[in-house]
Amino acid sequence: MAVAAAHCSCSRSRSLQSLSSSLSLTKRGALTKRVSMWPSPAPSPLSVKSVHRLLLHLPRRFSAADSAFFPSSSSSSIAEKYTSAAENSPTSMTSPLEGTGDEISSTDISISEIPLEQNQKGGSNQLKKRVLFGLGIGFAAGGVVAAGGWVFTAAMAAVVLAGSREFFELVRSRRIADGMAPPPRYVSRVCSVICSLMPIFTLYYGHMDVSVTFSAFIIAVAVMLQRGNPRFAHMASAVFGLFYCGYLPSFWIKLRCGLAAPALNTEIGKYWPVLLGGRAHWTVGLVATLISISSIIAADSFAFLGGRAFGKTPLTNISPKKTLEGAFAGLLGCVVVTVLLSKILCWPNSLLSALAYGVLNFAGSIFGDLLESLIKRDAGVKDSGSLIPGHGGILDRVDSYVFTGALSYSFVKVVLPLFGL
């Protein structure tokens, strides 16, 4: 009786093995039909060894989901299901045969038109967001510049604080930190606060000598008293942050609020409301600031459009996307806008001074843009931050204005009186 039971169990195991082998052959036959639907990279048919290697490396996409007990007639539906899944994939898929042998090469499944439409829709939404936020920032900046005084100074202090924080985060990035030791985090925070106070000191005192000297002294003491091993690179990066994020932007306060002489020839001052300051509100500083900011916007816009339309010659290795043709278009736009505004606002008086002012604004704009691109390239990032949707960080938007304020103020205070322009 035991012998009969053993014989029964042995026959049952053999029947199960035969059933599983038949099922595996059925599944393998379906997979072989699935293989025939893939484009062959070579005209020669696949060998038995190649098919065996193919079956070993096939993805198990539908081995469990589609059930192992499918009839051979459903192999085409499985292939169609796999093909439709590949077509609806948002990215191109590389064949799993890559690197399996000389007989089989990798093939790419083509992308359908649906992801392309989605990408175009996402690009249009991004452009719309960029334009809307750009217009909002432009109108807000125009109102702040027109208000002047503490309104302009407070807005400048807020921008400087955000920009300095982004700058020290860039300096702290791994790629820059490998070559130059960044200042400690508490020193960076102290530098950011001092930078934000510099515009206020400039408005109150009228100059920046004392504030900058005292700030540099505080930073030097903080670096030398830190725990561990103080390094000169700590002090160098911190002091450059004071210069770049605090000292240079403070010249806009000197330009807008320091040049309080009335622009007598500006006709728009006659119609300015008395409650908003009347004719005396239109000072040389206000006119010079409006012309400078407008010319920078024109330089950036014309450089972008000219580069996309005619750009072929790279301008510099610092920013490969900038071209010589785009720079020339930016210079042309900056000078034209400066001359037109000088005729409308009746300042500067001569055409030569307006041309020189436009060229100077363009030089400061493009140099500030390239310097910020150099910092971002060394940091290994595309944007300095993500504070402004569609535009990146604060430094990405104000990099062209960092040096321009100092150059414009020097032009009005030194060049115009010296040469009588």
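Helix H7 has a kink of about 30° at Met198, shortly before the proline Pro199. The bend at a residue is taken as the angle between axes fitted to the seven residues ending there and the seven starting there. Helices are DSSP runs of H or I with at least four residues, numbered from the N terminus. The model is predicted, so local features need pLDDT of at least 70 and side-chain atom pairs count only at pLDDT 80 or more, while totals for chains, interfaces and linings use all residues. Residues are numbered from 1 along each chain as its sequence is written, and side-chain values use heavy atoms, with hydrogens and water left out.

**Helix H7**

H7 has 21 residues and reaches 30 Å from its first C-alpha to its last, close to the 30 Å expected at 1.5 Å a residue. That expected span is 1.5 Å times one less than the number of residues. Among the buried residues of H7 are Cys191, Cys195, Met198 and Pro199. Buried means under 20% relative accessible area, with a 1.4 Å probe and protein chains only. The cover over the buried residues of H7 includes H5, H8, H9 and H10. Gly206 follows H7 and has a positive phi, near 90°.

**Cysteines**

A disulfide is a pair of cysteine sulfur atoms within 2.5 Å, and the count by this rule is 0. Cys195 is in no disulfide; its nearest cysteine sulfur, that of Cys245, is 5.4 Å away.

**Nonpolar core**

A nonpolar core is a set of buried Ala, Val, Leu, Ile, Met, Phe, Trp, Tyr and Cys residues joined through side-chain atoms within 4.5 Å. The largest one holds 50 residues, of which Phe167, Ile219, Tyr244, Trp347 and Val412 touch the most other members. Elements giving it two or more residues include H5 (149–171), H7 (185–205) and H13 (351–379). H5 supplies the largest share, 7 residues. Leaving out residues up to four places away in sequence, Phe167 touches residues including Phe240, Tyr244, Cys245 and Ile375; contact means heavy atoms within 4.5 Å.

**Other buried positions**

| Residue | Relative accessible area |
|---|---|
| Thr283 | 8% |
| Cys195 | 0% |
| Cys334 | 0% |
| Lys376 | 12% |

Thr283 is in the loop between H10 (251–258) and H11 (284–310). Thr283 and Ala261 are 22 residues apart in sequence and 5.4 Å apart in space, C-alpha to C-alpha. Beyond four places in sequence, the contacts of Thr283 include Arg256, Leu259 and Pro262.

Lys376 is in helix H13. Apart from neighbours within four places in sequence, Lys376 is in contact with residues including Leu170, Asp383 and Asp396.
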